[in-house]
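Please look at the sequence and the structure below.

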Amino acid sequence: MLYALPKFKVNATLVPGLWVMSISAGWFRARGIRWLAIGNHVRITGLWANGNHLGLYDIFFATSIFNKVSFYNTTMAIFKIIVLLLSLFCFCQAQLSPTFYDQSCPNALSTIRSSIRTAISRERRMAASLIRLHFHDCFVNGCDASVMLVATPTMESERDSVANFQSARGFEVIDQAKSAVESVCPGVVSCADIIAVAARDASEYVGGPRYAVKVGRRDSTTTFRAIADSGDLPSFRASLDDLSDLFLRKGLNTRDLVALSGAHTLGQATCVTFKERLYDNSSDIDAGFSSTRKRRCPVNGGDTNLAPLDQVTPNSFDNNYYRNLMQKKGLLASDQVLFGSGASTDSIVSEYSRNPSRFASDYAAAMIKMGDIQTLTGSAGQIRRICTAVN
């Protein structure tokens, strides 16, 4: 005999960011997801990996015909949860959009673009610095401009973390862009969005791809110095496994890792970050390349001396970074691990070295994906009046 299940209501406080890989009840319980069936009413609660908050929703499912099965059957309950999660995932992602400011501040993106291009025309290196600033913002508790906040008596700053101290740059350029936007549309455009748009405009200015940046982020009201120092920003000594695990935790796959690393076609590094690589007699570095770099990075002293990450085209966004890796000319150890000794990423590096268009398109896609990490939207966070302090 067949039975019809009635319509039922689902109340949910859930946020996208978690991939459902199993319909095991224990799997859900282990991740903090709970559901309670009462009559024809199901309440589901849980937290997602990216920490966003959508609020409370009522969702009605159409009736279905199943073989004799109880509404309380765990498998059916989990099936409904999966449907709900996928629905909410689509809903949340739609909150960020390239057209978010079309009505509220139609000149926002052009104003940011003009400010960024002016800054890079004065200092070409700034392009790399702005891309890196976006990366360091997003990887520490999400793309929320927390990296911009300066320390106060009650709050430590991410700027002072090991990975950022006297290393992260471009803060004043973001401040200038924010000031320009505030003069056009006060209190509308977030610092988090300005950082994201600046990274796109920076790469494009020096030859990189132009892609549609999704906007609509809001700014955090605090910093996350402890997280910045806990390994959420990659070390120049990181192994491939370290990098892969870190990117995976941020929702980024191996191809994203290799594509985003290609931003090291731009910029410079201090001697202290690659000195070990030059002098440890490793077999994964070209002898001539090592000899040349030692001139600016002696075994004793010179730790703050700068060297271009890409010696051939240091100020152009191109695919020469990958050619360097294949020739054992990656400046940082964390770059060279992407190629050699049968690394799992060898084939991607090789592909990008041959196909600059594929690199450009994958880089753009990965930047958009990174820009979605733990964003604050809706009523979460705030729109800061100035980027260096909370309102």
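The crossing of helices α9 and α14 is right-handed; a crossing is right-handed if the near helix is turned clockwise from the far one by less than a right angle, and left-handed if anticlockwise. This is a predicted model, in which local features need pLDDT of at least 70 and side-chain atom pairs count only at pLDDT 80 or more, while totals for chains, interfaces and linings use all residues. Residues are numbered from 1 along each chain as its sequence is written, and side-chain values use heavy atoms, with hydrogens and water left out.

**Helix α9 against helix α14**

- Helix α9 covers residues 254–261 and helix α14 covers residues 346–354; their axes come within 10 Å and cross at roughly 45°.
- That angle makes α9 oblique to α14. Angles under 35 degrees count as roughly parallel, over 145 as roughly antiparallel, 65 to 115 as roughly perpendicular and the rest as oblique.
- Axes are lines fitted to C-alpha atoms, for helices over the stretch in contact, and the angles run from 0 to 180 degrees between N-to-C directions.
- On the α9 side, the contact is made by Thr 254, Arg 255, Val 258 and Ala 259, and on the α14 side by Ile 348, Val 349, Glu 351 and Tyr 352. Contact means heavy atoms within 4.5 Å.
- The residues of this contact divide into five nonpolar, one polar and two charged. Ala, Val, Leu, Ile, Met, Phe, Trp, Tyr, Cys and Pro count as nonpolar, Asp, Glu, Lys and Arg as charged, and the others, Gly among them, as polar.

- Buried means under 20% relative accessible area, exposed over 50%, and partly exposed in between (1.4 Å probe, protein chains only).
- The buried residues of α14 are Asp 346, Ile 348, Val 349, Ser 350, Glu 351, Tyr 352 and Ser 353.
- What covers them includes α9, α12 (320–326) and α15.

**Helix α4 against helix α15**

- The axes of α4 (residues 126–138) and α15 (residues 356–370) come within 10 Å and cross at roughly 40°.
- These two helices are therefore oblique to each other.
- Ile 131, His 134, Phe 135 and Cys 138 of α4 meet Tyr 363, Met 367 and Met 370 of α15.
- Six residues of this contact are nonpolar, one is polar and none is charged.

**Two residues at that contact**

- Where does His 134 sit? His 134 is in helix α4, and at 2% relative accessibility this residue counts as buried.
- Apart from neighbours within four places in sequence, His 134 is in contact with Cys 143, Ile 195, Ala 196, Ala 199, Met 367, Met 370 and Gly 371.
- His 134 and Ala 198 are 64 residues apart in sequence, and their C-alpha atoms are 8.3 Å apart in space.
- Met 367 lies in helix α15 and counts as buried, at 4% relative accessibility.
- With neighbours within four places in sequence left aside, Met 367 is in contact with Ile 131, His 134, Ala 199, Tyr 211 and Leu 260.

**Aromatic rings**

- The count comes to 11 aromatic pairs. Rings of Phe, Tyr and Trp (its six-membered ring) pair if their centres lie within 6.5 Å; planes under 30 degrees apart count as stacked, over 60 as edge-to-face and the rest as tilted.
- Phe 135 and Phe 139 form a stacked pair, with 4.3 Å centre to centre and 20° between the planes. Phe 135 and Phe 139 are both buried.
- Ring pairs link Phe 317, Tyr 321, Tyr 322, Tyr 352, Phe 359 and Tyr 363 into a cluster.

**Positive phi values**

- Most residues other than glycine have a negative phi.
- Asn 141 has a positive phi, near 60°. Asn 141 is in the loop between α4 and α5 (171–184) and is partly exposed, with a relative accessible area of 22%.
- Gln 166 has a positive phi of about 55°. Gln 166 is found in the loop between α4 and α5 and is exposed, with a relative accessible area of 73%.

**The whole chain**

- The chain has 15 helices and eight strands. Helices (H or I, at least four residues) and strands (E, at least two) are DSSP runs, numbered from the N terminus.
- Of the 391 residues of the chain, 48% count as buried.
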